[in-house]
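Please look through the sequence and the model below before reading on. The paragraphs that follow lead from one chain as a whole to its parts, and then to its partner.

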Amino acid sequence: MPDILIFSRIRSTFVEHVEENRLRAVCQLNDTLTEATVEVLVKIPELEIVDAKAGIVRAVSRPKEDETQLAKKVIGIRIGPGMKKIIRGLIGEGDETKQLAFMIEECCNAVILSFTKDVLLQRPEDKRGKRDFYRNMVKENIRLYNRCAAFAPGSPLVEGIEPPT
Amino acid sequence: MIKFMRNKLVRIHQIDKDHLEIHGMLADDIYELELDVVFKKSTLEIVSIEGRWNRWTTPECPRAIPFLQEAVGLRMGKDFSEKVKKMVGRKSCRHYANLLLECCHAAREAVLHVIGEKVETAQHGSSPAEEKPEKPSKAVEVPKEEIRTTPTKAKQRFSGCIIDLHVHTTPASPCSSAPIDGLIAEAKRIGLHAFCLTDHDYTWSKADVEALMEQYNYLLLRGNEVTTDQGHMLVFGLEKKIDRLIRLEELREEVNRVKGFIIVAHPFRGFLTFGVGQLGLTPDKAKERALFKRVDAIEVLNGKVTKKENAFAREVAQSLGMPTTGGSDAHEVDEIGQFATRFESLIRDEKDLLEALHDGAFSPVAYKEERGIK
């Protein structure tokens, strides 16, 4: 087989502060088949989506509805746990809308990660300080326990911490 | 200025007639990781997978790598995304799960639209938009139980009672591992008067629940945890089947028609690495959310959120002067009854429950802690 790519994709998502209480999250997708952009405006601290727009330049299958009108269906929802189900429920789960829904999810994920980054910037850099920082994170929010390999039983980060009932 | 950026790159080439090699890279302000996946084109199956960390956060993140092998053998199709999230996201790392899904969805598109091959398993949809697992059409078959520890209706002489208003069963809630028979046995053991079946977007049939009550001699009440655009709502008194997302205002209209009751579940369930407080959200700001105008009560003791999140919900409810409830949100048998709701009147059936909810004579209770139950 020739060593030539049959498919290539780049997906870039970023978050920026646009006003004191507004974040703008943008997801841009460009691949062999699709070129699309989704933009979501989020009110903070409520993390409520206050505006959304979308543009599809190229796609194998397009939504029947105008993509921006479709994206605007998520206005009013709160970014948080359970949001993926809500986004898919509002945008639709068909082949023609799933990419749009996923791009909105990626915007929302990036907003959450932007706050996670703020938290991680406070982390001490020495070995013990780092370990204590993550242990405290689990103690503060026991939902982290067994949430991934790093916080699974057997990891020093959760040693001695009571698992949730 | 950009506050956060994530880039994902996927490239695919065909290594032989039936196999694709996929290289994926995720690089953002926090993480940088790579995946090499071999994918069988005819069956959309993951044949092999290799992962590499370039940048990570906790000192234990490298433990995630061996668990990537859990995804080998998975085929795209029904529930693929959910399986990846459970097997890779929970056991390994959710950022690897995110990249693996990106790689596999790209591969599926390449197979279907670039190579143009028909693949049997791919026709059933794959995420980001997948079908929900099927819900049971009738009650789970459970063995006949002989233990009868709870008094029958006729024998009950309560001046009040404690009910867990928020419980999930398997398989009605795909996220639950708690079978109904186990939940009933545990509820009896800890002395709960009754519990409500509040499976996600699923209402048990009256006949099935009556059969279970007869079989176990235990009071079960029906509800539904409905997914709305404003989050999860515990709904009581609504027979109409609502098995997909509904806007809260529509749900309110439906519930009004039958004089039902809506409790907003875990309204401030937050994030894993930061809390609502760190966002600067105050009860005064939070209470302005429009959803509170469309619900009848607020769940302020929920077994799946942090103490701070429950305390925050309580502050908001107090500020709004709204009734409050408690529920375990049990997804495992031993979680039932952690939190519950104390009713001042005797609840014998769903009619009593609705009346009591509308009367507002109830309060949340940390049931197990209060009674010292392990």
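Of the 374 residues in chain B, 48% are buried, a residue being called buried if 20 or more other C-beta atoms lie within 10 Å of its own, exposed if 12 or fewer, and partly exposed in between, with C-beta atoms placed from the backbone. This is a predicted model, in which local features need pLDDT of at least 70 and side-chain atom pairs count only at pLDDT 80 or more, while totals for chains, interfaces and linings use all residues. Residues are numbered from 1 along each chain as its sequence is written, and chains are lettered from A and ligands numbered from 1 in the order in which they are written.

Chain B has 9 helices and 14 strands, which are DSSP runs numbered from the N terminus (H or I and at least four residues for helices, E and at least two for strands). Among its contacts between residues at least 6 apart in sequence, 65% join residues at least 24 apart, where a contact means that the C-beta atoms of two residues, placed from the backbone, lie within 7 Å. The domain assignment of chain B gives domain 1 as 6-124 and domain 2 as 153-371, with bounds that come from an automatic or database domain assignment. The C-alpha centres of domain 1 and domain 2 of chain B are 37 Å apart.

Helix α1 (residues 80-90) and helix α2 (residues 94-115) of chain B pack with their axes 8 Å apart and at an angle of about 145°; such axes are lines fitted to C-alpha atoms, for helices over the stretch in contact, and angles run from 0 to 180 degrees between N-to-C directions. On the side of α1(B), the contact uses B:S81, B:V84, B:K85, B:V88 and B:G89, which meet B:R94, B:Y96, B:A97, B:L100 and B:L101 in α2(B). By class, the residues of this contact are 6 nonpolar, 2 polar and 2 charged, with Ala, Val, Leu, Ile, Met, Phe, Trp, Tyr, Cys and Pro counted as nonpolar, Asp, Glu, Lys and Arg as charged, and the others, Gly among them, as polar.

Strands of a sheet pair through backbone hydrogen bonds, either parallel or antiparallel. In chain B, 5 strands form an open sheet of mixed pairing in the order β8-β9-β10-β11-β12, two strands being paired if DSSP finds at least two bridges between them. Its edge strands, β8 (224-228) and β12 (324-327) of chain B, each pair on one side only. Strand β11 (residues 297-302) of chain B runs parallel to β12(B) and is joined to it by 4 bridges, and B:N302 has B:G327 as its bridge partner in β12(B).

What does each chain bring to the contact between chain A and chain B? Chain B gives 61 residues and chain A gives 65 residues. The largest share of the side of chain B, 15 residues, comes from β1(B), and by class that side has 26 nonpolar, 15 polar and 20 charged residues. Strand β1 (residues 5-19) of chain A runs antiparallel to β1(B), with 11 bridges joining the two, and A:T13 stands opposite B:R6.

Two single residues complete the picture. B:T273, in the loop between β10 (261-264) and α6 (283-286) of chain B, counts as buried because it has 20 C-beta neighbours inside 10 Å, and B:T273 touches A:T116, A:V119 and A:M137. A:G154, in the segment after α4 (127-140) of chain A, is exposed, with 10 other C-beta atoms within 10 Å.

Key:
Lists of a residue's contacts leave out its neighbours within four places in sequence.
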